[in-house]
Amino acid sequence: MSYPRKIKGFRDIDANMNQLRWKIINSAAKVYKKYGFEHYDTPVLEYSENLGKYLPDSEELAEGVYSFNNPELEPKFDNKGAEIRDERNNVVMENHYLTMRYDLTAPLARLYAESLWELHKHKQVQEGKTPLLRRYQYGQVFRFEAKLDPGRFREFWQLDFDTVGTDDITTDAEACMILADALEEIGLKRDNYIVKVNNRKIIKGLLISLEITEDADEQNIMRIIDKADKIGMQGVAQELGQGRVDEKSKAKIEGLNIDNEIVDQIMGFLSDFSEINTRANILEKLNSKNIDNQTYTEGVSELTKIDEILSALNFDENRVIFDPTMIRGMGYYTGPIFEVEYVGTYKDSKGRKRKVGSICGGGRYDGLVEKSLGMKVPAVGASIGVDRLAEILTLTKQTPELAQGPVIIIAFDDNLMTEYQKIAYELRTKDIEVEVYYGSRKNLKKQLSYADKKNCPIAILIGENEFNNGVATVRNLKLGKELASQITDKKEWRERVQSEVKRENLTEEILKMI
RNA sequence: GCCGAGGUAGCUCAGUUGGUUAGAGCACCAGAUUGUGGUUCUGGGGGUCAUGGGUUCGAAUCUCAUCCUCGGUACCA
């Protein structure tokens, strides 16, 4: 015997949850296809080195992912793909590190790099002329997080679309449109979501103008700015400077100890955008800044282009806004970044009001494929967090109606099992979903409760009497449910929802009812 | 990781200043209904009070440790 239990952060999904999940996936996929994306899949497990530098033996970087040694011994390769040999010229074997995918973007980069590997080796593809790939993909991704926030799991689904092989900024604008369209197709109302757009080049350009050019500093500063909506502008200023003490938790948070003057400049820049503002106003403000390095200028002109396209297609401020304080966590983004926030709150199981936060994210990552291919390949994409969205739809009671169950054939009499099977098979050839009741408890009440729970539309009752008379009793469970609240007299109710039909007409009658 | 709050039936929880046999609602099972869903009514099963030690005549209740859960905070490629 063992104690049956699940790993923390992993879930079982029942029929209702699956119904909602696949509604989300099918709706979004429909939109992705409309824009010309094709459906790809990649394995759940990858060689760790292909997913980035997150190896289990480098403590810091292994955090947050599931990695382990491959039980299979395989040849060791150098980074050009050649087998490494020892002094006796034998191939060196090792157990490679494997990692469960933590998103769908890194595996895409691997897939794309792999497909170009040989061509690139023989110099048959040139930078700037790499093939175009537009794919969408959905599936589980895995992250190890010690403590889970509400609505977050260690295994969760993402629903990505990416365009690899072009640096045309139009695809970035398109990504925003796709996110908006997909969410509306899923059923979100227009004022329940907002796509937020920023460009990493703008903050980067600002930092360059302040003579902050170290990668680590830049990352740290961006990380703190990203927390603005959580800790407030004052909190950001404190964490950039001397640090702060969180009031609620009394936690001491160390600051970056940046000079006051520079902190003031950064805060001054950000606070200019703190008021909700139109895209045009934000662009105007960005242009008016006295910053003239190339990174900054590029960032602003890219945003300008995105605004042009969005505006021309009537994607207005009620769907897509610019937010110069939005950063996003993933380190591989190099240009425009997107995030979708669910607007509004919900009440959790204890009645507490909660904010939802972001439900989609994405951006341009022009350097990711290069890491494994050794050649620059521009790419942009975004992802819908399926489980988060499902959670929100459930909590705000926007779930689809319970799916209709199968027609149920009540098993009265074991001797009639062959007859039940014949009826079921006959109906199935007409594309009707049918189930013969197999439960061990055969009393009628039990069987009808079972049918009720599965939302069965019709029950077919054939006992010895019916069989001998060549008839079947058919009960309309769907109608019965509707009438249950109106009719109190059981006898009358039964007469309304139940009828006897001839055995040879049964299939025909069921087809009429369903 | 840090701070705080918790752990009592399958689920949600109540349980007085320590005092007989630890309760409720939901769910489950059965009957009222001699083969007929919902509602209603009646009855029934189900708990090593997270685990281990301590205090006490006596512990779900006080105490210590451990484990786990939740909230906040930090981290999040």
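**Close-up 1. Surroundings of K442 in the predicted model.** Apart from its neighbours within four places in sequence, K442 is in contact (heavy atoms within 4.5 Å) with A411, D414 and Q447. K442 sits in the loop between strand 15 (434-436) and helix 14 (444-453); helices (H or I, at least four residues) and strands (E, at least two) are DSSP runs numbered from the N terminus. D413 is 29 residues from K442 in sequence, and the two are 8.8 Å apart C-alpha to C-alpha. With a relative accessible area of 29%, K442 is partly exposed (buried is under 20% relative accessible area, exposed over 50%, partly exposed in between; 1.4 Å probe, protein chains only).

This is a predicted model, in which local features need pLDDT of at least 70 and side-chain atom pairs count only at pLDDT 80 or more, while totals for chains, interfaces and linings use all residues. Residues are numbered from 1 along each chain as its sequence is written, chains are lettered from A and ligands numbered from 1 in the order in which they are written, and side-chain values use heavy atoms, with hydrogens and water left out.

**Close-up 2. Packing of helix 9 (residues 279-288) and helix 10 (residues 294-312).** The two axes come within 10 Å and cross at roughly 160° (axes are lines fitted to C-alpha atoms, for helices over the stretch in contact, and angles run from 0 to 180 degrees between N-to-C directions). Helix 9 and helix 10 are therefore roughly antiparallel (under 35 degrees is roughly parallel, over 145 roughly antiparallel, 65 to 115 roughly perpendicular and the rest oblique). Helix 9 contributes R279, L283, L286 and N287 to the contact, and helix 10 contributes Y296, V300, L303, T304, D307, L310 and S311. By class, the contact has six nonpolar, three polar and two charged residues (Ala, Val, Leu, Ile, Met, Phe, Trp, Tyr, Cys and Pro count as nonpolar, Asp, Glu, Lys and Arg as charged, and the others, Gly among them, as polar).

**Close-up 3. Packing of helix 5 (residues 200-209) and helix 6 (residues 215-226).** The axes of helix 5 and helix 6 are 11 Å apart, at an angle of about 120°, which makes helix 5 oblique to helix 6. R200, I203, K204 and L207 of helix 5 meet E218, I221, M222 and I225 of helix 6. Five of these contact residues are nonpolar, none polar and three charged.

**Close-up 4. Helix 4 (residues 170-186).** G187, with a positive phi near 125°, follows helix 4.

Technical notes: The expected span of a helix is 1.5 Å times one less than its number of residues.
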